[in-house]
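User: I have a model open and want to go through it with you. Can we start with the backbone and move on from there?

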2 protein chains.
Amino acid sequence: MLKKLDPLLHSELRLAIMSLLISVEKAGFTYLKEQTEATAGNLSVQVTKLEDAGYIFVKKGFKGKIPQTICNITKKGIEAFEKYVEELKDYLKL
Amino acid sequence: MLKKLDPLLHSELRLAIMSLLISVEKAGFTYLKEQTEATAGNLSVQVTKLEDAGYIFVKKGFKGKIPQTICNITKKGIEAFEKYVEELKDYLKL
DNA sequence: TAAATTTGGTTTATATTATAAACTACTTTA
DNA sequence: TAAAGTAGTTTATAATATAAACCAAATTTA
């Protein structure tokens with residue numbers, strides 16, 4: 001039987017964010033925006049959702065005088081991502 | 001760069017339908033309903049969307065006196081599914 | 001140095017999508 | 001023949017994604 005997929009990860013943009021954070025471990029808002037080609041508004045909303053879920057950790061600071069938002073994936077986020085991948089494999093016949 | 005995923009396949013229920021049809025080649029509405037555990041209404045809507053896209057072919061007939069809807073995956077559907085799997089692999093780091 | 005533009009976002013409104021509830025048409029069973 | 005079951009569709013609503021509008025501060029330009 002196919003398992004219910006984590007709806008928080010089964011979203012193109014949120015999955016892309018998580019995928020990037022799995023690789024780089026830490027990334028700025030602007031980097032994520034460039035890589036995903038999302039609008040700032042959409043990215044802001046989805047980052048907040050991932051943060052609320054405890055999948056990522058967001059730290060706000062400054063790079064010189066310019067505000068900077070840094071995102072890190074959490075242990076919980078890594079586990080959720082890995083679980084999602086395993087569940088999705090059944091759908092994809094992998 | 002991560003590719004844009006086919007929105008028609010990036011839906012849990014539609015993906016489940018396609019996944020089942022890839023395996024069995026042909027399936028009745030009731031079989032799909034049992035396997036996916038979807039409500040009939042939701043299933044009906046999603047089947048129609050896949051049909052409209054040309055990803056599946058729907059044949060309506062009768063099993064005795066009882067109406068029966070049979071779904072088959074099309075060549076286009078198989079190709080779209082395979083493309084989706086390849087694109088998604090980048091997200092999943094597979 | 002004042003106005004315009006850019007950077008780095010958030011908030012809010014709207015469009016899209018998913019889902020469930022209500023309904024239809026027919027059949028079987030009590 | 002009334003009630004319940006089968007096999008769905010249509011329609012209304014809830015959830016989600018996305019974009020547009022907005023904000024504050026910094027930087028560039030005239």
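User: Where does Glu37(A) lie?

Analyst: Glu37(A) is in the loop between α2 and α3 of chain A. Helices are DSSP runs of H or I with at least four residues, strands are runs of E with at least two, and both are numbered from the N terminus. This is a predicted model, in which local features need pLDDT of at least 70 and side-chain atom pairs count only at pLDDT 80 or more, while totals for chains, interfaces and linings use all residues. Residues are numbered from 1 along each chain as its sequence is written, chains are lettered from A and ligands numbered from 1 in the order in which they are written, and side-chain values use heavy atoms, with hydrogens and water left out.

User: What is the phi of Glu37(A)?

Analyst: Positive, about 60 degrees, although Glu37(A) is not a glycine. Most residues other than glycine have a negative phi.

User: Is Glu37(A) buried or exposed?

Analyst: Exposed, with a relative accessible area of 63%. The cut-offs are under 20% for buried and over 50% for exposed, with partly exposed in between, using a 1.4 Å probe and protein chains only.

User: And what about Glu37(B)?

Analyst: Glu37(B) also has a positive phi of about 60 degrees. It lies in the loop between α2 and α3 of chain B and counts as exposed at 63% relative accessibility.

User: How are chains A and B related?

Analyst: A rotation of 180 degrees, with 0.0 Å of shift along its axis, superposes chain A on chain B at an RMSD of 0.1 Å. The two copies are therefore related as by a two-fold rotation axis. In chain A, the C-alpha nearest that axis belongs to His10(A), at 3.9 Å.

User: Through which surface do the copies meet?

Analyst: Through the same surface, because 100% of the interface residues of chain A are also interface residues in chain B.

User: Switching to the strands. Which way do β2(A) and β3(A) run, and over how many bridges?

Analyst: Strand β2 (residues 56–63) of chain A pairs with β3(A) in the antiparallel sense over 8 bridges. Pairing requires at least two DSSP bridges between the strands. Phe57(A) has Asn72(A) as its bridge partner in β3(A), and Val58(A) has Cys71(A). The two strands form a hairpin with 2 residues between them, and Gly64(A) in the turn has a positive phi of about 70 degrees.

User: What about β1, how many bridges join it to β3?

Analyst: In chain A, strand β1 (residues 26–28) runs antiparallel to β3 (residues 66–73), with 3 bridges joining them. Ala27(A) has Cys71(A) as its bridge partner in β3(A).

User: Which residues touch the most other members of the largest nonpolar core?

Analyst: Ile56(A), Leu88(A), Ile56(B) and Leu88(B), in a core of 56 residues. Such a core is a set of buried Ala, Val, Leu, Ile, Met, Phe, Trp, Tyr and Cys residues joined through side-chain atoms within 4.5 Å.

User: What is Ile56(A) in contact with?

Analyst: Leaving aside its neighbours within four places in sequence, the contacts of Ile56(A) include Met18(A), Leu21(A), Val47(A), Cys71(A) and Ile73(A). Contact means heavy atoms within 4.5 Å.

User: Now the DNA. Which residues come nearest to DNA strand D?

Analyst: Ser11(A), Arg14(A), Ser44(B), Lys60(B) and Thr69(B), out of 20 residues around DNA strand D. A residue is near a strand if one of its heavy atoms lies within 4 Å of it. Of the atoms of DNA strand D within 4 Å of the protein, 66% belong to sugar or phosphate and the rest to bases.

User: What distances do you get from side-chain N or O atoms to a phosphate oxygen there?

Analyst: 2.8 Å for Lys60(B), 2.2 Å for Thr69(B) and 3.4 Å for Lys49(A). The cut-off for such a pair of N or O atoms is within 3.5 Å. The largest share of the surface near DNA strand D, 5 residues, comes from α3(A).

User: Which residues come nearest to DNA strand C?

Analyst: Ser44(A), Lys60(A), Thr69(A), Ser11(B) and Arg14(B), again out of 20. Sugar and phosphate account for 67% of the atoms of DNA strand C within 4 Å of the protein. A polar side-chain atom of Arg14(B) lies 2.5 Å from a phosphate oxygen of DNA strand C, and for Lys60(A) the distance from a side-chain N or O atom to a phosphate oxygen is 2.9 Å.

User: Which element gives the largest share of the surface near DNA strand C?

Analyst: α3(B), with 5 residues.

Technical notes:
Copies are superposed by least squares on the C-alpha atoms of residues with pLDDT of at least 70 in both. A polar contact is a pair of N or O atoms within 3.5 Å; within protein, one must be able to donate a hydrogen and the other to accept it, and residues adjacent in sequence count only if both atoms are side-chain atoms.
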